[in-house]
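Please look through the report below with the sequence and the structure side by side. It begins with the sheet and then turns to the helices and a few single residues.

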Amino acid sequence: MDRRPGDQGEPSGARGDAGAGQELGTTVAERLRRVQGSLSPAELKIARALMAHYPAAGLESTSGLAARAGVSPPTVVRFVARLDFEGYRQFQQSLRDEVQARRASPLTLRPVVSESSPTSELIEAAEEVGRGALGQTFAALPEQEFDRAVELICDPAKRIVSFGGRFSRLLAEYLDLHLRLLRPGTQLHIPAPGQDGGFRVDLGRREVCVVFDFRRYQRDTVELARLAHERGARVVLFTDPWLSPVSEFADVVLPVRVEAPSPFDSIVAPVAVVETLVAAVHVRLGTAAEERMRAAEEASGDRTME
């Protein structure tokens, strides 16, 4: 999505690696979310230290990560085992693969079919990859984070601002188009160099910023999200499994799979989670949302064709 060509290397879980019945490459962060509820207090310290500087903290030595978390090295070894790794070396190799995947571009991701493949093979591959991305996205979707996102977006005292990068702003606009039908005080922000000073000045505790940032992570998107956080705004982040730098300070992180049959990342799973969020907001707002939708339809007039 928000990336530029020219990176080298083949990431783990690249196109063509997910065969029938196989799970797409599972990240350390996803493994962590699966077991987080059963971690000991000391292990939770490691989890917080790792996610605060992900994935760099995990690439330190066992003693380095232990010192960062304020625990003993043996606790780090037990923590890694809880994530179903055979050892610290395998844990770090998984993180190194993620770093490579984070930097992938359309020039380094190979398609799942070749030039000579028949259309039927492409359709089958697209269905398989799409189903896998959707299934794993929803299986790994953190329910507490999702519920928190719904709570923030439904808060009548908050103003909702959605923004993203070069491609991911399409998702921000899609979300905003729905939200403005469900509640007042929402806007889509498209950063314009030298033209959004007023917006930046106005950012504060009243804002909930819904940010879309996918590999390769776009610098101006990250910087705007960081500014919003520093000014006291809440940040809800949609990102890929390899986690945008925005995840280090976001209040809510919703990771989604972006695998596609082409070298270009897919928005199928991100759109599905956005639509699920819209459905939850609609239900939570109830009558108020229904009345607003009815009023908006009456105000816009009949635009349908007979």
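## Terms and basis

Two strands are said to pair if DSSP finds at least two bridges between them; helices (H or I, at least four residues) and strands (E, at least two) are DSSP runs, numbered from the N terminus. This is a predicted model, in which local features need pLDDT of at least 70 and side-chain atom pairs count only at pLDDT 80 or more, while totals for chains, interfaces and linings use all residues. Residues are numbered from 1 along each chain as its sequence is written, and side-chain values use heavy atoms, with hydrogens and water left out.

## The parallel sheet

Five strands form an open sheet in the order E2-E1-E3-E4-E5, and the pairing is parallel. Strand E2 (186-188) and E5 are the edge strands, each of which pairs on one side only. On average, neighbouring strands of this sheet are turned by 15° against each other, direction ignored, where axes are lines fitted to C-alpha atoms, for helices over the stretch in contact, and angles run from 0 to 180 degrees between N-to-C directions.

Strand E1 (residues 159-164) pairs with E3 in the parallel sense over six bridges, and the bridge partner of Ile-160 in E3 is Val-208. Val-208 also has a partner in E4, namely Arg-234. Strand E3 (residues 207-212) and E4 run parallel and are joined by five bridges. Together with helix H10 (residues 219-230), E3 and E4 make a right-handed β-α-β unit; right-handed means that, with the strands pointing away from the viewer, the path from the first strand over the helix to the second runs clockwise.

## Enclosed strands

Strand E4 (residues 234-239) is largely enclosed by the rest of the structure, because five of its six residues are buried; buried means under 20% relative accessible area, exposed over 50%, and partly exposed in between, with a 1.4 Å probe and protein chains only. Four bridges join E4 to strand E5 (residues 252-255), and these two run parallel. Across this pairing, Leu-237 stands opposite Val-253, and Thr-239 stands opposite Pro-255.

In a regular strand the side chains alternate between the two faces of the sheet.

## Helix packing

Two packed helices are described by the angle between their axes and the distance between the axes. The axes of helix H2 (residues 41-52) and helix H4 (residues 73-82) come within 10 Å and cross at roughly 80°. H2 and H4 are therefore roughly perpendicular to each other, a term for angles of 65 to 115 degrees, whereas under 35 counts as roughly parallel, over 145 as roughly antiparallel and the rest as oblique. Among the residues that make the contact are Ile-46 and Leu-50 of H2 and Val-76 and Phe-79 of H4, where contact means heavy atoms within 4.5 Å.

For helix H8 (residues 169-182) and helix H12 (residues 287-300), the axes come within 7 Å and cross at roughly 100°. That makes H8 roughly perpendicular to H12. Arg-180, Leu-181 and Leu-182 in H8 meet Ala-289, Arg-292, Met-293 and Ala-296 in H12.

## Single residues

Gln-92 is found in helix H5 (residues 88-102) and is buried, with a relative accessible area of 12%. Not counting residues up to four places away in sequence, Gln-92 touches Gly-58, Leu-59, Glu-60 and Ser-61.

Cys-154 counts as buried at 10% relative accessibility, and Cys-209 counts as buried at 1%. With a disulfide taken as a pair of cysteine sulfur atoms within 2.5 Å, the count comes to zero disulfides.
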